[in-house]
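Hello,

Here is the structure I promised to pass on. My notes follow below it.

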Amino acid sequence: MGYVADTQKIGDKGGCFIGGMKSLVRRKQVDSANSKSSSRAGSSNQLAKALTIPHLITIGVGSTIGAGVYILVGTVAREHSGPALTISFLIAGIAAALSAFCYAELASRCPSAGSAYHYSYICVGEGVAWLIGWALVLEYTIGGSAVARGISPNLAMLFGDPDSLPIFLARHTIPGLNLTVDPCAAILVFVVTGLLCVGIKESTMVQGFVTSVNVCVMFFVIIAGGYLGFKSGWPGYELPVGYFPYGVDGMLAGASTVFFAFIGFDSVASTAEEVKNPQRDLPMGIGFALSICCSLYMLVSAVIVGLVPYFAMDPDTPISSAFARHGINWAAYIITIGACTSLCSTLMGSILPQPRILMAMARDGLLPSFFSDVNKRTQVPVKGTVATGLLSGTLAFFMNVEQLSGMVSVGTLLAFTMVAISVLILRYVPPDEVPLPSSFQEAIDSVSLRRSSDIDVESTKIPAVTADDSTPLLAEISVGRPLVEKAAAKLSYLVRQRRKVAGWTIMFTCIGICIVTSAASIVSLSNPARYALSGFGGLLLLSGLIVLTCIDQDDARHNFGHTGGFTCPFVPLLPIACILINVYLLINLGGATWVRVSIWLVIGACIYALYGRTHSSLRSAVYVPATHVDEIYETSAHSLAC
């Protein structure tokens with residue numbers, strides 16, 4: 001009767017999760033063929049399986065390489081890195097790759113829409129997942145609006161001056177309100193929204209064309225700039241101050257700044273449900289996209305800082321002014337075309353993921369079902385895409401969102417951090433209980449009775465100890481064999497304790513990271529307090545790394561989600577390094593940014609408390625051991641067939 005008792009206990013636990021604070025930690029299962037067929041039978045909210053590796057590379061490169069690179073080069077070289085700007089981009093690329101590795105494993109194991117929200121819901125819990133999803137909504141909304149507001153000035157430069165656009169596209173200031181409206185930005189957002197509603201494959205093809213133009217412009221800068229540098233003897237590198245005028249600290253500060261030029265590749269993970277072969281294509285798409293972006297950034301920066309001494313670079317138009325300094329003024333038009341196409345591509349990359357995140361949240365019941373509807377013909381979440389476009393277009397028309405741009409980074413860094421934590425949870429404490437709809441109660445009871453009967457029949461036999469199913473061990477042990485009972489009990493105890501040790505270690509490691517980064521970032525702290533906090537946090541961090549390195553990873557990780565995909569290397573070192581970098585950047589974003597983000601997160605918490613918690617699809621779920629799910633599905637299917 002051990003299994004019956006366990007099932008009853010688990011069912012009671014599922015009931016308790018419906019209300020109160022326990023709803024914050026309830027977790028959903030990975031979408032599999034069984035769960036999809038059971039929960040969405042007869043539904044039409046399936047996205048089109050249309051994307052391959054070239055499409056994913058297009059989305060990743062197009063979303064990552066924005067017009068910022070045409071400005072970032074000058075600002076960072078003048079203020080931080082000097083000629084070492086190329087190394088700053090390399091270090092930032094390596095730091096971004098840490099998150100990319102984590103994304104690649106989770107995207108291939110859990111290939112559903114929702115990206116970091118989806119992974120957090122599976123590995124951490126509903127409350128954290130809601131906040132991550134809510135922060136990503138903010139990121140993509142403000143990010144898309146900010147990008148759209150930057151397109152009209154660049155378009156105007158193609159026609160000679162900022163006032164050369166037609167009157168229906170040009171910016172206008174409303175008297176008395178000190179409000180500058182931008183019709184061009186709003187129109188571009190609406191055009192991109194309409195394109196995304198046509199279909200994922202069609203919109204990706206257009207984005208591929210626009211991205212190709214931008215990449216060609218960057219190749220022009222690299223090739224033509226390299227030729228000019230070769231002719232002139234690379235004056236930017238012939239400096240008495242050397243390669244590191246601001247020292248290694250300046251170079252690292254530059255790497256922190258340019259890190260945000262790499263934060264578009266997470267858009268690839270948001271399209272996971274639309275990929276034909278996610279286990280193979282998603283990791284390769286993320287990896288190739290990040291490698292291409294890092295290579296282009298490094299080559300462009302190496303050429304430009306070699307053409308002009310870093311202290312003489314124009315912070316607003318560094319590339320155009322560098323060519324003009326060598327007598328090629330017409331290059332400004334080509335570079336402006338590259339800036340316009342990069343902004344258009346980034347705009348598409350900003351609007352594309354948000355409807356899919358809203359759709360994932362609506363599927364889980366945390367948002368109204370309006371957002372989960374998928375058009376039958378285009379197989380795109382048209383309603384969510386239109387709602388996203390209307391909101392972003394309205395903001396782009398009325399508001400100058402540049403002062404809110406820091407909030408975009410918060411959403412991205414929170415997502416990066418939670419994805420790295422999810423990888424640690426997947427490896428050391430993967431969920432051993434999964435939720436099933438209450439409609440499966442009959443199949444659950446049937447499996448419970450069957451296992452109970454098997455226990456009674458086999459009570460005189462020595463059980464086989466397996467690594468993937470240690471839950472019912474104690475119930476299967478013969479009472480008449482005390483030595484076997486003691487050995488099996490000890491093994492089961494150690495298995496349970498290993499999970500507890502790993503779980504607490506992950507938590508204390510994250511606390512140590514927060515303490516270390518806070519002590520390093522808060523300048524108002526006295527030196528003794530800084531050293532004390534740094535020592536305590538460093539001890540927690542180092543101890544956690546040692547413990548996680550020494551203990552075994554959970555064998556259940558091999559069967560978690562979809563198998564055969566990418567495996568993140570150097571666990572736990574790589575995810576912990578990823579968490580450390582992202583938390584440090586989060587803390588250093590500034591108080592004003594955090595005040596604005598906190599207001600947004602409080603609004604989200606209220607919406608969750610009033611709607612999401614009570615409408616969650618898990619509110620009446622029954623939690624069963626993960627090792628018994630397939631048997632329950634088979635029993636349910638057999639009952640329906642009969």
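Ser350 is buried, because its relative accessibility is 10% (buried means under 20% relative accessible area, exposed over 50%, partly exposed in between, with a 1.4 Å probe and protein chains only). Ser350 sits in helix α15. Leaving out residues up to four places away in sequence, Ser350 touches Tyr140, Gly143 and Gly144 (contact means heavy atoms within 4.5 Å). Helices (H or I, at least four residues) and strands (E, at least two) are DSSP runs, numbered from the N terminus.

A caution before the rest: this is a predicted model, where local features need pLDDT of at least 70 and side-chain atom pairs count only at pLDDT 80 or more, while totals for chains, interfaces and linings use all residues. Residues are numbered from 1 along each chain as its sequence is written, and side-chain values use heavy atoms, with hydrogens and water left out.

Now the overall picture. The protein chain has 25 helices and four strands. Of its 642 residues, 52% are buried. Take the contacts between residues at least 6 apart in sequence: 84% of them join residues at least 24 apart.

Next, the cores. A nonpolar core is a set of buried Ala, Val, Leu, Ile, Met, Phe, Trp, Tyr and Cys residues joined through side-chain atoms within 4.5 Å. The largest one has 149 residues. Tyr70, Tyr103, Phe259, Ile304 and Phe323 have the most contacts inside it. Helix α18 (residues 406-428) gives the largest share of this core, 16 residues. Another core lies apart from it, with 11 residues, including Ala443, Val622, Val629 and Ile632.

Helix α14 (residues 318-325) has Pro318, Ile319, Ser320, Ala322 and Phe323 as its buried residues. Their cover includes α4 (69-81), α10 (200-232), α13 (278-307) and α15. Ile304 touches Pro318, Ile319, Ala322 and Phe323, among others, with residues up to four places away in sequence not counted. Just after α14, Gly327 has a positive phi of about 85 degrees.

Two helix pairs come next. Axes are lines fitted to C-alpha atoms, for helices over the stretch in contact, and angles run from 0 to 180 degrees between N-to-C directions. The axes of α8 (residues 151-158) and α15 (residues 331-351) come within 9 Å and cross at roughly 155 degrees. That makes α8 roughly antiparallel to α15 (under 35 degrees counts as roughly parallel, over 145 as roughly antiparallel, 65 to 115 as roughly perpendicular and the rest as oblique). Ile151 and Leu155 of α8 are among the contact residues, as are Tyr333 and Leu347 of α15. The contact of α8 with α15 has 11 nonpolar, two polar and no charged residues (Ala, Val, Leu, Ile, Met, Phe, Trp, Tyr, Cys and Pro count as nonpolar, Asp, Glu, Lys and Arg as charged, and the others, Gly among them, as polar).

The axes of α16 (residues 353-363) and α17 (residues 382-398) come within 8 Å and cross at roughly 125 degrees. These two helices, α16 and α17, are therefore oblique to each other.

Last, some backbone points. Most residues other than glycine have a negative phi, and most peptide bonds are trans. Ser115 has a positive phi near 55 degrees and is buried, at 2% relative accessible area. Trp234 has a positive phi near 50 degrees and is partly exposed, at 26% relative accessibility. The peptide bond from Val571 to Pro572 is cis, with omega near 15 degrees.

Best wishes
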